Amino acid sequence: MTWIAATYLGYLLVAVPLTIWVARVLSTNGRVFLADVFADKDGLADAVNALLVVGFYLLNVGFVLLFLRTGAEVASLRELLEVLSRKIGVVMVVLGVLHFANVYVFNAIRRRGRTEALRTPPLPPQGYLPPMPAPQPR
């Protein structure tokens with residue numbers, strides 16, 4: 001096996017399980033956050049969580065596969081580790097950016113929902129008050 005083939009194999013053996021692990025952690029811990037975002041709608045929170053996991057897998061595994069090829073020369077173990085660390089580092093940065101983008105979007109949804117809740121009067125209207133007459137000029 002050539003060094004480049006070993007680099008590809010090592011990259012896939014690290015990047016794919018890393019993506020799966022991150023997706024599981026985000027799904028498990030994100031469930032609580034989504035339950036708060038979609039208050040009193042547990043079914044919706046679970047559905048959104050499942051859709052996010054599928055999207056996460058598609059996007060990240062697709063990126064891992066597209067990023068597999070390298071133009072670097074790999075002629076030694078040292079070069080293999082350097083190329084591998086660069087590739088895994090990029091995958092980790094992309095995973096982190098996507099995570100923070102998701103948190104930002106859902107926090108905005110959560111903030112909007114709480115703002116809407118504050119606008120709702122605590123009691124239904126009790127009656128009608130006619131408008132006050134405009135003051136007469138002197």
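**Entry 1: the buried side of α2**

I began with helix α2 and listed its buried residues: Ala-45, Val-48, Asn-49, Val-53, Phe-56, Asn-60 and Val-64. Buried means under 20% relative accessible area, exposed means over 50%, and partly exposed lies in between, with a 1.4 Å probe and protein chains only. The helix labels come from DSSP runs numbered from the N terminus, where a helix is H or I over at least four residues and a strand is E over at least two.

I noted for myself that this is a predicted model, where local features need pLDDT of at least 70 and side-chain atom pairs count only at pLDDT 80 or more, while totals for chains, interfaces and linings use all residues. Residues are numbered from 1 along each chain as its sequence is written, and side-chain values use heavy atoms, with hydrogens and water left out.

Next I checked the length of α2. This helix has 25 residues and reaches 36 Å from its first C-alpha to its last, close to the 36 Å expected at 1.5 Å a residue. The expected span is 1.5 Å times one less than the number of residues.

**Entry 2: Asn-60**

Is Asn-60 buried or exposed? Asn-60 counts as buried because its relative accessibility is 2%. I found this residue in helix α2. Leaving out residues up to four places away in sequence, Asn-60 touches Thr-19, Val-94, Leu-95 and Leu-98. Contact here means heavy atoms within 4.5 Å.

**Entry 3: Tyr-11 and the cores**

I then moved to Tyr-11, which sits in helix α1. Tyr-11 has a relative accessible area of 0%, so it is buried. Which residues does Tyr-11 touch, not counting those up to four places away in sequence? My list reads Phe-63, Val-64, Phe-67, Leu-68, Leu-84, Lys-87, Ile-88 and Val-91. I also looked up a distance: the C-alpha atoms of Tyr-11 and Glu-82 are separated by 11 Å, although the two are 71 residues apart along the chain.

A nonpolar core is a set of buried Ala, Val, Leu, Ile, Met, Phe, Trp, Tyr and Cys residues joined through side-chain atoms within 4.5 Å. In the largest nonpolar core, which has 15 residues, Tyr-11 and Leu-95 touch the most other members. Helices α1, α2 and α3 each give two or more residues to this core. The most come from α3, with 6 residues. Apart from this core lies another, of 6 residues, including Leu-34, Val-37, Val-48 and Phe-106.

**Entry 4: the largest pocket**

Rolling a probe the size of a water molecule over the atoms shows where empty space is left. A pocket is an open set of points, on a 1 Å grid over the protein atoms alone, where a 1.4 Å probe fits and protein lies on both sides within 12 Å along at least five of seven lines; lining residues have an atom within 4 Å of a point.

I read off a volume of about 290 Å³ for the largest pocket; a volume is the space filled by probe spheres set on the points, with points joined across faces, edges and corners. Its lining has 16 residues, and Leu-26, Gly-30, His-99, Asn-102 and Val-103 lie nearest the centre. At least two lining residues come from each of α1 (3–37), α2 (42–66) and α3 (77–119). Which helix gives the largest share of the lining? That is α1, with 8 residues.

Val-93 is in helix α3. Val-93 counts as exposed because its relative accessibility is 54%.

With a relative accessible area of 49%, Arg-86 is partly exposed.
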